[in-house]
Amino acid sequence: MLIGADSEYYRIEQQLTEQGWERRAHETAQDWMVRLNSDAKLDTILLAEIVELHNRYRLDPLGLSDAQRAQLSQTAGVWLRTTVPVHN
């Protein structure tokens, strides 16, 4: 399994895709969050924290500490339970 393949971020990406807010092929996560904030009226502050932890989990040679890994899981869980995008 690839490092970070079990990241909860992918559940968020899947949920948003199912709701019609998929990340476009050319979009960075940052660009996607700007669009979500503008078009879906999402508060992306928590999502930005999740993306930062996810990227460190996947790409940083040092990875995440156990506490940071737990934070990624918990924060993503809160986001998934409480965030609902608005459709125009």
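In this predicted model, helix α1 (residues 9–18) and helix α3 (residues 45–59) have axes that come within 10 Å and cross at roughly 130°. Since angles over 145 degrees count as roughly antiparallel and those from 65 to 115 as roughly perpendicular, α1 and α3 are therefore oblique to each other. On the α1 side, the contact is made by Y9, Y10 and I12; α3 contributes L47, I50, V51, H54 and R58. Sorted by class, the residues of this contact are six nonpolar, one polar and one charged.

In soluble globular proteins, nonpolar side chains tend to be buried together. The largest nonpolar core of the model has 20 residues. Those that touch the most other members are I12, L16, L36, L47, I50 and W79. At least two residues of this core come from each of α1, α2 (29–39), α3 and α4 (66–82), and α3 gives the most, with five residues. I50 has contacts beyond its neighbours within four places in sequence: these are with Y9, I12, L72, T75, A76 and W79.

Y9 and Y10, which both take part in the contact of α1 with α3, also form an aromatic pair, and the structure holds one such pair. The ring centres of Y9 and Y10 are 5.7 Å apart and the planes lie at 65°. Planes over 60 degrees apart count as edge-to-face, so the pair of Y9 and Y10 is edge-to-face. As to accessibility, Y9 has a relative accessible area of 2% and is therefore buried, the limit being under 20%. Y10, at 33% relative accessibility, counts as partly exposed.

Terms used: Residues are numbered from 1 along each chain as its sequence is written. This is a predicted model: local features need pLDDT of at least 70, side-chain atom pairs count only at pLDDT 80 or more; totals for chains, interfaces and linings use all residues. Side-chain values use heavy atoms; hydrogens and water are left out. Axes are lines fitted to C-alpha atoms, for helices over the stretch in contact, and angles run from 0 to 180 degrees between N-to-C directions. Helices (H or I, at least four residues) and strands (E, at least two) are DSSP runs, numbered from the N terminus. Angles under 35 degrees count as roughly parallel, over 145 as roughly antiparallel, 65 to 115 as roughly perpendicular and the rest as oblique. Contact means heavy atoms within 4.5 Å. Ala, Val, Leu, Ile, Met, Phe, Trp, Tyr, Cys and Pro count as nonpolar, Asp, Glu, Lys and Arg as charged, and the others, Gly among them, as polar. A nonpolar core is a set of buried Ala, Val, Leu, Ile, Met, Phe, Trp, Tyr and Cys residues joined through side-chain atoms within 4.5 Å. Buried means under 20% relative accessible area, exposed over 50%, partly exposed in between (1.4 Å probe, protein chains only). Rings of Phe, Tyr and Trp (its six-membered ring) pair if their centres lie within 6.5 Å; planes under 30 degrees apart count as stacked, over 60 as edge-to-face and the rest as tilted.
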